[in-house]
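Subject: Structure for you to look over

Dear colleague,

I am passing on the structure below, followed by notes on what was found in it. Please read the notes with the structure open.

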Amino acid sequence: MANPVDVWAEPTLGENLARAGVTRRDFLAFCGALAGFFALGAGAPRASAEDIADKLAAVTKPNVVWLQLQECTGCMESTLRSGGTTVEEVVLRLLSVNYNELVMAAAGDGANKALADTNAEPHILVVNGSIPLKDDGIYCTIGGESAEEVLRTSAENATAILAVGACAVWGSVQASRPNPTGAVGVDAIIRDKPVINVAGCPPIGEVITATVAYLLMHDDVPKTDAESRPLFAYDQRIHDSCPRRAHFDAGQYVRSFDDEAARNGWCLYEVGCKGPSTFSACPVFQWNLHTSWPIGAGHPCIGCTEKDFFDRFTPFYQVLPNVRGFGVEATAEKIGWGLVGATVAGVAVHAGLTAIRHAASRKSEEGEPLHAFGDEPHGKAE
Amino acid sequence: MTATHAVSGAATPATLTIGGAFTAGRINEGHVIALAAAAPVGSIDPVDVALNDLVHAEWPDLATPPIDPRDADPPTRERRHGVRLVRGFPLTDEGTADLVVMRGSMESVMAQTTISRGDRSNVRRNAAWARRHGWRPLAIATASLAPDGTIGPFALQGFVEVGVGKPTRDPDHWSANWVRLSVWSASLRLQHWLNVAAVFVLSCTGYIIMDPFFGPEAHAGAEAGFQMGVVRFIHVTVGFVWLLLGASRVVSAFVSRDKHLRWTEWWPLKRKQDVRNLGRVMQYYAFIKTESPLFVAHNPLQHLTYAGVYVACGVQMITGFSLYGLYHQTSPFWALVSTPVHWLGIPGIRLIHAMMMFGLWAFVIVHVYLAVRADSLERHGGISSMINGGVWLRRGAKPVDAPEIG
């Protein structure tokens, strides 16, 4: 991969880019893409490519601490594949990521010193991974410190905090029932500063870089929804801009993964697609240089940008989540019809008992035969 | 009372009692009993004896002279009514009349008489009540007897309650008539049926949204259609209508003068007596008690159930609209409406929304069953009251939630 800016020689990003031979035309093209992306959400202020280019070009090198706590490195991989064009790469390099376990060259004491030095100055804090709290946090330690201590130290002088990925947002898979390590997200620990939740498992690389770019551009956090997710990327459900939406409205559903409907690319709702429950820009931005995305590949969305998706959205291939009982799990529909059936049976039994009792009381009314009613043969009494 | 007599021919003599009389309205109860009591000379039929004893004790002026046995045609097993000629019966204050009296089982006599639909239903209702309480209705019909011997058409006059081994009834409550009480206001009935319609439409469309179990097959050239679009349009539109309906119901709960619409009806357990009545109603439904306390409107169990239904419908509206609001997350209003999805997750809200639907279905099944059951057993016209607003109660009944019916 080409690295146009190997060293930060000039004061601003624009000058560094020019020095590295990135034409203004390329830079504007990148900024145009970003402008389109920000315009996705009506919550974000409108920005033209020129505005973005001017502001980004004027950016001076901000320090970044990029922590990787209890996680799988998937978010970092997604970030590194953000677009893949040189310009995104530059933006990332120019962030001066002083500390990141995956990409930094330093190790051991050198790495710890880099972290301590950056923590001492104002910096942007990006967090991947959850924080395990159980048993004094022994389930994730870095340099002998628990993840919680690492996070608290780094958050002290942070000017902005981004929780990137489902782990950092709410704990993800390891925080799902029964959550053996007591994993929580960043905003469960850091309560005195706003935390921007870039949700997803992993989030789209462009959403991560766009959030960072927004911070650099506006010196402020983007508008967010009730779960602190940037509205520019999380204001619409996948369902709302899904290319298969027409099939949903037409009632054309895939009923099993090998049927004709699946080959026709019909709607995946009946095989459990969580698009209607999931806020994300996936259908618009897609993944890996717009190559594809889960629904594009014929797989239902599993709702990974939503909180507790592993507990609340499972089974992934069913329309509704299961109903949990005393160790028994059944589909909502089965339980519903069971309830209706049991009610009908109960009503039938009750009606039967009523009829039996009613008939019995009628029989007892007959009582003694009386001539006046024609019960006895003629002539006996009269 | 004197109207008791040992039943002849019974292995163990049981007393025969006259419980009371029902009149179809043309003559009074005393006349009905006196007509029933007209018997051949020296009759030892226990019904004749009991009736005559009663007439002599209560209405001596109505007592008829014994009938010539040739004027009596007794009932048979095939024709369960007898016919007697009663001469000089004091039908009015002015004078007497010669009548042909038909007396016998209800079905047999009714088959021989002409009667208006309204009267027939009233007679049947009262006869059914008498049977349920252990009396046998002895039907009485009369026809005019012209001097030339021609007999006019028979008209049903009422019935006398005959019981074996039954305690005699308080003569004050002999007036065995049903009274129509207008209970349910028009606006309440309209609310009820609009709700039925809305829940029906929302259930059908909602079930399809939960599980689109049918739809176009996948083959080339299939016309796309707009099935789910139409279903969701109906669901959302009726959802808004239902919300308005719910809002109007809440308003009426606080401003209406109709007691049955007031919010105070939602919690029936205000006194110790209410709790006891709740227990009695539950025992009645569980077949432990044979009689339930009488309520003109709703019993405490109904009040509690309907309060629960209001809560369930409220939950449906809240969950439904929090899901609908997801389309407009940039609007602060709809973002606020959608707040519950952040507590339980969208699938959790959808699950509650679906399970509540099944819960409402179960309620509807029990509700319809118990309504039909109560109307068939108690004959109060509960089913028709949902349309015309009136329930029927017996004169002299003492309901818990209303003054004595008189």
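Predicted model: local features only at pLDDT ≥ 70, side-chain atom pairs only at ≥ 80, totals over all residues.

Residues are numbered from 1 along each chain as its sequence is written, and chains are lettered from A and ligands numbered from 1 in the order in which they are written.

The domains of chain A

The assignment for chain A gives domain 1 (62–234) and domain 2 (238–373), with bounds that come from an automatic or database domain assignment. To answer the question, 18 residues of domain 1 of chain A are in contact with 14 residues of domain 2 of chain A, where contact means that the C-beta atoms, placed from the backbone, lie within 7 Å. On the domain 1 side, the elements that give two or more residues are α10 (205–218) and α11 (231–234) of chain A; helices (H or I, at least four residues) and strands (E, at least two) are DSSP runs, numbered from the N terminus. That side has nine nonpolar, four polar and five charged residues, with Ala, Val, Leu, Ile, Met, Phe, Trp, Tyr, Cys and Pro counted as nonpolar, Asp, Glu, Lys and Arg as charged, and the others, Gly among them, as polar. The C-alpha centres of the two domains of chain A lie 38 Å apart.

The sheet

Chain A holds an open sheet of five strands in the order β2-β1-β3-β7-β9, with parallel pairing, two strands being paired if DSSP finds at least two bridges between them. Its edge strands, each pairing on one side only, are β2 (97–100) and β9 (195–198) of chain A. Strand β1 (residues 64–68) of chain A is joined to β2(A) by three bridges, and Trp66(A) has Asn100(A) in β2(A) as its bridge partner. Helix α6 (residues 108–120) of chain A packs on the sheet, touching β1, β2 and β3 (123–128) of chain A, and its direction makes about 125° with that of β2(A); axes are lines fitted to C-alpha atoms, for helices over the stretch in contact, and angles run from 0 to 180 degrees between N-to-C directions.

The contact between chains

Here 56 residues come from chain A and 61 residues from chain B. On the side of chain A, the largest share, 14 residues, comes from α16(A).

Best regards

Conventions: Contact = placed C-beta atoms within 7 Å.
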